[in-house]
Amino acid sequence: MGQLLQAVWGGLVFGSVYGLMAVGLTLIWGSLNLLNLAHGGIYVAGGYVAYTLMVSLGFGAVFAFAGAMLVSAALGLVLYAVVVVPMLGKPGWDNASWIATVAVSLVLESALLLVYGPEVRAMPAAIDGAFVVDQVVFRYQAILVCGVAVVLLVLLHLFLKTSRFGLAIRAVSQQMDASRLMGIPVALVFLIVMGVSASLSGLAGAMLTSILALSPTAGFVPMLKALVVTIFGGMGSVKGTIVAAYIIGLLEAFVQAFAGVAWSLPALFLFIIAVLLVRPQGLFGTPELQRL
Amino acid sequence: MLRVSDISAGYDAAQVLHGVSIRVDAGESVVVLGPNGHGKTTLLRVISGLVRPTGGSVQFEGEELVGRKPEDVVAAGIVHIPQGDLVFPMMTVRENLLMGAYRRGAWKVRKDGLDRVYALFPPLKERSGQLARSLSGGERRMLAIGRGLMGDVKLLIVDEPSLGLAPQVIEDVYAAIKDITREGLALLLVDESANHVEGMADRVYLMETGEIRREGNAADLLGDEALLSTYLG
């Protein structure tokens, strides 16, 4: 029973972080039709920014997380400037764009390698300690991660559902020409989407690297999992992505608890292959339609 | 009000418009008739800033619009209701209409805008919470028109509102457009058939292979069966 509850709790924590990462991928895919493979690099950069602020400079966790979000958002804008601006609307966008994001990701990883070196670092927790209920360990850091992620995901959902600019982001993702004719500034929408999704990925990196570990290439696996979540949720559907994140998080936690950590990635990929066979459009996706 | 002078435009190597000039005066309803594929839609896309012309000018209330972004054209008071079903499929009817009020001034009075559109198209009110993709073709067309009316419009541009609709629905859509123009709005409408524009148009242009062939009062041109069948088949 204790092991079961521990797995459920672990799943909620993983799901929260995957949600933070995956909504960013989904937003960018939905509005720009861009598979952003620099998302993992930005995640790690967020982790290093937080590490530098907390460990090297001795700032508090709140400041470190805010700094990670700001720097990541700036990286999102760089991505916009070097990938989106020169390529969007040109022939070959579909493939050229994601290959360019791989390049940005490599540059980012190499830069981190130069500055911080290859060794794996342990990121300290924002709040140390834990409490135990019925043999289930609730680490304060995990509660913090979960809480922050849920609040941000709810805020993002409300923003997209009710605010003027949030509605405009969805409109652009569904019908670009009509959005232009409504007077929506499409370039500004793209810029904001890149900034917001990068800052969420950076925050995920800042928070999760205290549970996992921090190294220049540590973003790859979380990004793969976020991709699985995005596909499972139905590329481009924010609601679907959030639900999918928790399902994948729980699945992973259960596999780790009952089959061992080594099985978590293979299990996820087997799962997503099975899902794609049965429901190619994912959980909330609609076939042959622009979504979000 | 709107003065389009000597516009040339095209896509890649293919030139579509060859020196087109038209004008719309305040409060006037102008219709451009021509067969499909002869540049009517391109002309509208030039006016609304979606296509940059290779030559010519578009002036609205004395202001040059060529080279301006679509959002600037909307800000000037020109609303373009595109051909087909360019609604936002995964947004509700209400959310679609709200996007028509995206501009800050219109957003402030969006409640009034919704009331006005719902009064004009009661079916949209009944379906306000439904996703746009669940609407019928006629309802979608009404949604596209209603969405265009949410902002502060001076000139309404409508691209072939009859396309793909059942005859009875076409009547309804045109009746609604007529109602709208009674409020003094200027209208520029393009269509491939003269069947529905009688009684609505003040002036008519006939367009063929990217050029304006004839211009005249609606009463004269639309009465000339021989002329119409020459150009429209």
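## Overall form of chain B

Of the 233 residues of chain B, 44% count as buried, where a buried residue has 20 or more other C-beta atoms within 10 Å of its own, an exposed one has 12 or fewer, and a partly exposed one falls in between, with C-beta atoms placed from the backbone. The structure is a predicted model, in which local features need pLDDT of at least 70 and side-chain atom pairs count only at pLDDT 80 or more, while totals for chains, interfaces and linings use all residues. Residues are numbered from 1 along each chain as its sequence is written, and chains are lettered from A and ligands numbered from 1 in the order in which they are written.

Chain B has 10 helices and 10 strands; these are DSSP runs numbered from the N terminus, with helices being H or I over at least four residues and strands being E over at least two. The radius of gyration of chain B is 17 Å, close to the 17 Å that the globule rule gives for 233 residues, so the chain is as compact as a globular protein of that length. This radius is taken over C-alpha atoms, and the rule is 2.2 Å times the number of residues to the power 0.38. The C-alpha trace of chain B spans about 45 × 40 × 35 Å along its principal axes. Among contacts in chain B between residues at least 6 apart in sequence, 68% join residues at least 24 apart; a contact requires that the C-beta atoms of two residues, placed from the backbone, lie within 7 Å.

## The four-stranded sheet of chain B

An open, antiparallel sheet in chain B is formed by four strands in the order β2-β1-β4-β5, two strands being paired if DSSP finds at least two bridges between them. Its edge strands are β2 (14-24) and β5 (63-64) of chain B, each of which pairs on one side only.

Strand β1(B) (residues 2-11) runs antiparallel to β2(B) and is joined to it by seven bridges. Val4(B) stands opposite Ile22(B) in β2(B), and Ala9(B) has Leu17(B) as its bridge partner in that strand. The hairpin of β1(B) and β2(B) has two residues between the strands, and Asp12(B) takes a positive phi near 50 degrees there. Five bridges link β1(B) to β4(B), again in the antiparallel sense, with Leu2(B) opposite Phe60(B) in β4(B).

Helix α1 (residues 40-47) of chain B lies across β1, β2 and β4 (55-60) of chain B, and runs at about 115 degrees to β1(B). Axes are lines fitted to C-alpha atoms, for helices over the stretch in contact, and angles run from 0 to 180 degrees between N-to-C directions.

## Loop residues with positive phi

Glu61(B) lies in the loop between β4 and β5 of chain B. Its phi is near 50 degrees, a positive value in a residue other than glycine. Glu61(B) counts as partly exposed because it has 14 C-beta neighbours inside 10 Å.

In chain A, Gln135(A) occupies the loop between β1 (130-133) and β2 (136-139). Phi of Gln135(A) is near 70 degrees, also positive in a residue other than glycine. Gln135(A) counts as exposed because it has 10 C-beta neighbours inside 10 Å.

## The interface of chains A and B

In the interface, 18 residues of chain A are in contact with 21 residues of chain B. On the side of chain A that touches chain B, α6 (164-174) and α7 (176-181) of chain A each supply at least two residues. Helix α6(A) gives the most to this side, with six residues.

By class, this side of chain A has 10 nonpolar, three polar and five charged residues. Here Ala, Val, Leu, Ile, Met, Phe, Trp, Tyr, Cys and Pro count as nonpolar, Asp, Glu, Lys and Arg as charged, and the others, Gly among them, as polar.
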